[in-house]
Amino acid sequence: MQIIGVDFTSAPGRHKPITAAFCGLENDRLQFQRLERLTDLAAFEALLARPGPWVAGFDFPFGQPRRLIETIGWPTDWVGYVDHVATLGRKGFAAALAAYKADRPAGDRQHFRAADRACGAASPQTLHYTPVGLMFAEGAPRLRAAGVSLPGLAAGDPARVALEAYPGAAARRLIGKDSYKTDDRRKQSPAQAQARLRLLAALCGPQGAAHYGLRVEAPETLADDPTGDALDALICAAQAAWAHRAGLTRPEGPAGADPLEGWIADPAALAAQAPAPADAARRRAVHPVICYPVETLPQPDMGLLASARATLRPVRQVIVPARDAACFRVPAGHFFRIHSVEGPQVGDLNLWNAHDLRERFYSGKTRALHGTHLTTAHRMWSAFPFLRPMATLTHDTLGWYGKDAFGGSVHDVIGTRCDPYTHNLLSGGHTYHHCCHSNLTRALARETGLPLAEAEGHVHDVLNVFMCTGFTRDTGQYFMKASPVRPGDYLEFFAEIDLLGALSACPGGDCSAEHSSDAAACHPLRVEILAPDPQTLRGWVSPAPNGYDRSHGA
């Protein structure tokens with residue numbers, strides 16, 4: 001059987017051609033035969049017209065996300081919307097996507113197919129960097145016009161079968177996230193060359209055999225191409241061969257594949273795409289219920305606290321330097337305020353029982369009781385087994401912000417805190433010592449005299465003071481945006497127990513762009529401790545630890 005792997009580009013030319021790897025498949029043996037370089041789209045059309053039998057894997061998205069198709073107003077079948085894209089042309093398609101994004105809130109502009117999520121691929125709406133959206137616009141209509149068979153999407157010549165491939169899925173499985181290619185000559189490196197050799201060896205060795213059920217035979221010279229196009233074409237061929245041997249080239253395609261979006265010919269991708277049951281819509285339509293109804297939750301006496309607020313007098317203050325942290329102590333029955341003083345700045349707040357560090361703020365339970373963001377009359381609850389109010393929010397000058405059009409709000413209990421461990425993972429091993437986690441660790445060690453390693457164990461998930469955050473509607477990812485805080489704004493708390501606090505002035509500044517670096521403009525924060533007239537708190541009692549007896553049914 002002739003197997004072809006095609007590394008596609010939407011604008012082929014002499015310097016960046018479409019690369020096709022031709023291979024022969026006999027039982028489980030996939031043997032590389034030759035490469036062809038196609039320097040224009042006419043040559044690509046001629047490739048599609050070659051008589052079969054052949055099965056080919058193409059490295060571009062065959063479909064668009066269901067959410068886009070059902071929202072934008074295009075035909076809601078694959079043939080229909082691909083024919084519509086053909087009438088739009090490349091520029092018209094790009095303009096339609098741009099107009100679609102312009103009319104939608106952030107987080108709901110660019111969508112993903114189930115197949116993209118399954119293997120970490122970019123959205124097929126992407127028009128920049130690697131413009132897979134344009135690759136779809138140039139490639140999918142040509143597949144349709146060529147009359148090839150597109151399993152799960154469109155019927156065609158059964159002797160010419162086209163499958164969507166994605167080399168990135170194979171590369172991540174075989175060599176992890178190591179970079180192995182770039183079209184930019186300035187960035188091509190010996191490390192990438194070594195990564196290509198490892199990838200080719202893995203594909204042709206036991207790892208590739210285990211993943212694809214194939215014995216791939218190919219020369220090492222395929223790894224010489226620094227753009228990775230030749231190697232990617234070979235991977236596309238391996239994915240196509242696997243799908244052919246798995247019986248997925250029949251017209252109906254794999255079970256559960258979305259007939260609007262398409263599917264990717266890789267075992268890992270398909271394993272992650274569980275087919276939707278017949279009653280999927282009914283299951284999704286079930287109405288939610290609140291996990292923790294708060295009608296019976298002990299409520300703060302906001303009238304009493306308002307009377308106490310009217311008598312507040314400052315007793316001391318702590319300045320938290322930019323990109324650093326500081327500790328402060330607040331007696332039960334006192335108030336404290338976190339002030340913005342010089343410019344927009346967010347802060348990460350930890351609280352402990354001043355006499356027992358085991359009792360600390362429980363971000364997750366606070367979120368479950370009050371929601372993702374805190375404001376006036378919400379409380380900060382302590383960890384098990386104590387589970388009692390540590391502090392009550394008594395005034396919020398940003399209370400007007402509410403929830404914006406993107407789903408964002410301020411003072412979140414979603415994010416855990418920026419930290420050097422996640423930064424190390426995401427930056428390729430770089431070190432940064434002024435993430436909020438490190439700042440809080442140093443501050444607690446200074447305040448308590450604990451060794452740094454022991455202090456670190458007490459640092460916990462934070463209240464992100466002044467930070468404006470939410471979840472994207474499409475991907476559900478945690479996002480941040482420029483904080484609306486300005487000098488003069490403050491968040492005020494009433495200490496329900498004796499508190500030890502630590503506040504970090506986040507290196508992200510107002511968190512409008514990035515964190516975990518020195519790039520953002522940062523400002524100090526001021527913590528002010530205030531005492532009320534004791535007479536105004538007559539009748540108030542510091543809450544006792546939780547009443548559960550801890551027997552756990554034993």
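User: A crossing of two helices is left-handed if the near helix is turned anticlockwise from the far one by less than a right angle, and right-handed if clockwise. Which hand does the crossing of H7 and H9 have?

Analyst: This is a predicted model, where local features need pLDDT of at least 70, side-chain atom pairs count only at pLDDT 80 or more, and totals for chains, interfaces and linings use all residues. Residues are numbered from 1 along each chain as its sequence is written, and side-chain values use heavy atoms, with hydrogens and water left out. Helices (H or I, at least four residues) and strands (E, at least two) are DSSP runs, numbered from the N terminus. The crossing of H7 and H9 is left-handed.

User: How many helices and strands does the protein have?

Analyst: Start with the overall size: the C-alpha atoms fill a box of roughly 95 × 55 × 50 Å along the principal axes. Of the 554 residues, 53% count as buried (under 20% relative accessible area; exposed is over 50%, partly exposed lies in between, with a 1.4 Å probe and protein chains only). The secondary structure comes to 16 helices and 20 strands.

User: How are H7 and H9 oriented to each other?

Analyst: H7 spans residues 190-204 and H9 spans residues 229-245. Their axes (lines fitted to C-alpha atoms, for helices over the stretch in contact, with angles from 0 to 180 degrees between N-to-C directions) lie 11 Å apart, at an angle of about 20 degrees. Angles under 35 degrees count as roughly parallel, over 145 as roughly antiparallel, 65 to 115 as roughly perpendicular and the rest as oblique. H7 and H9 are therefore roughly parallel.

User: How many charged residues are in the contact of H7 with H9?

Analyst: Contact means heavy atoms within 4.5 Å. From H7 come Arg196, Leu199, Leu200 and Leu203, which meet Leu231, Leu234, Ile235 and Ala238 of H9. Ala, Val, Leu, Ile, Met, Phe, Trp, Tyr, Cys and Pro count as nonpolar, Asp, Glu, Lys and Arg as charged, and the others, Gly among them, as polar. Seven residues of this contact are nonpolar, none is polar, and the number charged is one.

User: At what orientation does H6 meet H9?

Analyst: H6 covers residues 167-175. The axes of H6 and H9 come within 9 Å and cross at roughly 95 degrees. Pro167, Ala169 and Ala170 of H6 touch Asp232, Ile235, Cys236 and Gln239 of H9. That angle makes H6, relative to H9, roughly perpendicular.

User: How many residues of E20 are buried?

Analyst: E20 has bridges to two strands named here. E20 is mostly covered, and of its seven residues the number buried is six.

User: Which residue in E20 is the bridge partner of Arg337?

Analyst: Arg337 sits in E10 and is buried, with a relative accessible area of 14%. Setting aside neighbours within four places in sequence, its contacts include Arg309, Tyr490 and Arg526. The bridge partner of Arg337 is Glu528.

User: Which residue in E7 is the bridge partner of Leu30?

Analyst: Seven strands form an open sheet of mixed pairing, ordered E5-E6-E4-E1-E2-E3-E7. E7 (215-217) is an edge strand, as is E5 (148-149). E3 (residues 29-38) runs parallel to E7, joined by three bridges. The bridge partner of Leu30 is Val216.

Key:
Two strands pair if DSSP finds at least two bridges between them.
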